[in-house]
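Subject: Structure for your files

Hello,

Please find the structure below. My notes on it follow.

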Amino acid sequence: MDEPTAAKSTAADSTAFEPTASESTAAESTASDAAGSDPAGSDPAAEPIMAEAEAEAHVRELAELWLAPHERECLGCYLDRTITAFGCQGDLRLAARFRDLIAPRAVGLERRLADAGGYCDCEVLANVFQPAAHLWTLSRDEELPNGGWVDIEPEPPAVMPPCSGVRRGSTLPCSHWSTWR
Ligand SMILES: [Zn+2]
Ligand SMILES: [Zn+2]
C-alpha cells in the first residue's frame with residue numbers, strides 16, 4: 001500500500017513550510033494592531049521588516065541592471081564598470097557573466113584570460129587589457145626646487161571614457177584598451 005507513505009511525506013512537507021519565528025512574530029504584532037492598540041494603523045515592528053525586504057529586492061534589481069552589459073559595451077569596459085560597482089570576487093565571474101550574456105559561444109574565454117595572466121576579473125584589467133596608450137598621461141621631466149630634474153612616468157587615466165563600442169558578440173576590448181598580448 002502506498003497510501004500511508006504518501007500521507008506521511010505530505011505531513012513532513014507541510015512541517016517544512018511552517019512559518020518561521022520572524023514571520024509568526026510579524027503576524028502576532030499585526031493582529032494586536034487590528035485589536036486597536038494603534039489607531040494610526042502603522043506597525044513600528046512590522047514596517048522595518050517590510051522595508052528591509054523591499055530594499056533587498058531593490059538592491060537585487062539594481063545589481064541585475066548594473067550586471068547587464070550595455071549596448072555594444074566591450075568586455076574591458078564592462079569589467080571596469082562592474083568591478084568598480086561590485087569589486088572583484090577573486091574569480092572570473094564577471095567575465096563569465098559577460099560571456100554568458102553576450103558571447104555564449106566563447107567557451108574558452110576564461111582559459112584565454114587566465115593564459116594571459118587574468119586569473120580573476122581585476123587581473124584581467126591589470127594583466128590582459130590595459131588602457132590604450134592614447135589615454136595615458138605623457139611622460140615628462142619636471143624641475144625640482146633644488147634645481148634637479150625628476151622623470152614623471154606616464155599614468156593611466158583615473159576614470160576610463162565611455163566605451164567606444166564593439167561588434168555585438170565580440171569578447172575583444174574596444175579602442176580604449178590595448179588588445180590581447
Ligand atoms: Zn581580482
Ligand atoms: Zn569598451
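**Zinc site and salt bridges**

The donor residues of the zinc ion (ligand 1) follow the spacing C-x31-C-x1-C in sequence. This is a predicted model, in which local features need pLDDT of at least 70 and side-chain atom pairs count only at pLDDT 80 or more, while totals for chains, interfaces and linings use all residues. Residues are numbered from 1 along each chain as its sequence is written, chains are lettered from A and ligands numbered from 1 in the order in which they are written, and side-chain values use heavy atoms, with hydrogens and water left out.

The zinc ion (ligand 1) is coordinated by the SG atoms of Cys88, Cys120 and Cys122, at 2.2 to 2.3 Å. Donors here are N, O and S atoms within 2.8 Å of the metal (3.2 Å for Na, K and Ca); water is not among the atoms, so the site may look incomplete. Cys120 is buried at 9% relative accessible area, and Cys122 is partly exposed at 36%. Buried means under 20% relative accessible area, exposed over 50%, and partly exposed in between (1.4 Å probe, protein chains only).

There are 7 salt bridges in the structure, each a side-chain nitrogen of Lys or Arg within 4 Å of a carboxyl oxygen of Asp or Glu. One of them pairs Arg81 with Glu73, with 2.8 Å between the closest N and O atoms. Arg81 is buried at 14%, as is Glu73 at 7%.

Another links Glu142 to Arg140 at 3.3 Å; Glu142 is partly exposed at 36% and Arg140 at 41%. Arg99, Asp100 and Glu110 are joined into one network by salt bridges that share partners. Within it, Arg99 and Asp100 meet at 2.9 Å, N to O, and Arg99 is buried at 9%.

Regards
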